[in-house]
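I'm opening my notebook for this one. I'll jot down what I looked up, entry by entry.

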Amino acid sequence: MSKHDLVYLTEDASHDAIIDVINEEAFGPGRHTRAAARIREQGPHDRSLSFVCADDGETIASVRMTPVLAGGVKGHMLGPLAVRPSHKNKGIGRELVRIAIAAARRKGSEAVILIGDPPYYMPLGFEKVAYAALDFPGPVDPNRVLVVPIGDDVHQRLKGKIGWRKCEAVMPAATAEDEGFEEPLRVYGALCFLTQRKTPSFRP
């Protein structure tokens, strides 16, 4: 890839078809039987906290966030996160995770939760949830349940069932100008540089 190719954008309905293709390519048909998928089937994800990466206008990666009630924590579940094979190992997935977490903080989410590989996610700020503290609608490996705590006493309150929660109406996706940037986020090599007018929302 040449420089100036990658742009990170807030997801909208026009991305649905290609996101389905990307997730099918990454996880196969078995993805619908996983515990996390069962939670996502309970209600819609939050588009205002979900993002895609485009390369020269082609969507090549996606991350989604779903509002959940996890024990006593009003948070969001991150996933699926998927990058097309042609663009793996370029830091795109990690950048999407960082952007989604930053957006969740701005929106007042108490935590970002996922089921994933600790070696990949813990350097991005995730911590292990207490063993078997959360009751998922399906089998999970408790060692792979991770959280970025944002609110107070999150670990103490992450006990009980986890499921989709109805939250406030989702506002229209913010534009780059609304977030304080004069143009969409663009990646140069492996780094994300911003045209900043206010406190930066996204960091590399």
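Predicted model: local features only at pLDDT ≥ 70, side-chain atom pairs only at ≥ 80, totals over all residues.

**Aromatic rings and a buried loop residue**

I started with Y121, which is buried because its relative accessibility is 12%; buried means under 20% relative accessible area, exposed means over 50%, and partly exposed is in between (1.4 Å probe, protein chains only). Residues are numbered from 1 along each chain as its sequence is written, and side-chain values use heavy atoms, with hydrogens and water left out.

Next I checked which rings pair up with Y121. The Y121 and F126 rings have centres 5.6 Å apart and planes at 75°, so I logged them as edge-to-face. (Rings of Phe, Tyr and Trp, with its six-membered ring, pair if their centres lie within 6.5 Å; planes under 30 degrees apart are stacked, over 60 edge-to-face, the rest tilted.) F126 is buried, at 2% relative accessible area.

I then searched the whole structure and got two aromatic pairs. Y120 and Y121 make an edge-to-face pair too, because their ring centres are 4.8 Å apart and their planes sit at 75°. Y120 is partly exposed, with a relative accessible area of 25%. Put together, Y120, Y121 and F126 form one aromatic cluster.

Then I went to the loop between α2 (35-40) and β2 (51-55), where I found D46. (Helices, H or I with at least four residues, and strands, E with at least two, are DSSP runs numbered from the N terminus.) Is D46 buried or exposed? D46 counts as buried, because its relative accessibility is 1%. The side chain of D46 also has a polar contact of 2.6 Å with the side chain of S48. (A polar contact is a pair of N or O atoms within 3.5 Å; within protein, one must be able to donate a hydrogen and the other to accept it, and residues adjacent in sequence count only if both atoms are side-chain atoms.)

That's my page for today: a three-residue ring cluster of Y120, Y121 and F126, plus D46 in its loop.
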